[in-house]
Amino acid sequence: MGLYHLDDERQAAVHKIRKRVIENIGRNMDLYGIPVSTGHLYGLLYFADKPMNLDEMGQEMKMSKTSMSTGVRTLLDYKMVNKVWEKGSRKDLYEVEYDWYQSFVDFFDIKWRKSVESNIHVLRKALDETEKLRKAHEDDEELTAVLQEDQAKMREAVAYYKWLERLIDTLVDGEIFNYVPKEPPEGKI
């Protein structure tokens with residue numbers, strides 16, 4: 001909801017509270033490898049009463065349009081904001097994804113699935129290479145022992161990444177919420 005109908009004193013009080021929340025969002029985003037300023041941008045959009053364009057964001061945050069564009073692109077990539085269309089506007093408009101559960105799922109899926117797939121690929125290739133090396137030197141008991149130990153460690157790592165892949169799937173398909181239900185919003189704190 002916009003603040004335009006409030007007097008200056010009440011607007012200042014609301015801005016102070018929002019600023020604290022926005023700063024905290026920025027710090028939290030930093031934990032996920034997203035720049036603090038991009039987290040602040042997300043916070044700005046979170047409290048916006050209407051979709052905003054890059055110029056409006058830059059003016060509000062006192063940052064360049066280029067910085068806003070980079071931040072918005074990051075948030076779009078992680079599905080944390082959406083580009084929206086508004087009749088009569090020729091500029092791109094953006095609004096925040098308000099479902100934080102979905103934002104977390106999307107972020108986790110995007111970041112972790114790529115990492116899991118890459119790690120499994122590398123480990124399987126390394127397992128194939130160690131097996132070829134072991135077969136080429138079957139008579140070398142010391143080398144065979146080292147390679148078998150390495151293969152056991154790599155198989156454990158593959159098993160972990162396959163488990164992580166299943167965890168990601170439970171997030172994406174929503175099954176996780178059967179085990180860890182979403183919290184209902186609290187009325188009064």
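View 1. Asp169 counts as partly exposed at 35% relative accessibility, a class that lies between buried (under 20% relative accessible area) and exposed (over 50%), judged with a 1.4 Å probe on protein chains only. Asp169 forms a salt bridge with Arg113, their closest N and O atoms being 3.0 Å apart, where the term stands for a side-chain nitrogen of Lys or Arg within 4 Å of a carboxyl oxygen of Asp or Glu. Because Asp169 lies in helix H6 (residues 141–172) and Arg113 in helix H5 (residues 100–136), the pair ties together parts that are 56 residues apart in sequence; helices are DSSP runs of H or I with at least four residues, strands are runs of E with at least two, and both are numbered from the N terminus.

This is a predicted model, in which local features need pLDDT of at least 70 and side-chain atom pairs count only at pLDDT 80 or more, while totals for chains, interfaces and linings use all residues. Residues are numbered from 1 along each chain as its sequence is written, and side-chain values use heavy atoms, with hydrogens and water left out.

**View 2. Lys91 and Asp55.** The side chains of Lys91 and Asp55 meet in a salt bridge of 2.5 Å, N to O. Lys91 is partly exposed at 44% relative accessibility, as is Asp55, with a relative accessible area of 30%. Asp55, Lys65 and Lys91 are linked in a network of salt bridges.

**View 3. Glu56 and Lys50.** A salt bridge of 3.4 Å, N to O, joins the side chains of Glu56 and Lys50. Glu56 is partly exposed at 28% relative accessibility, and Lys50 is partly exposed with a relative accessible area of 45%.
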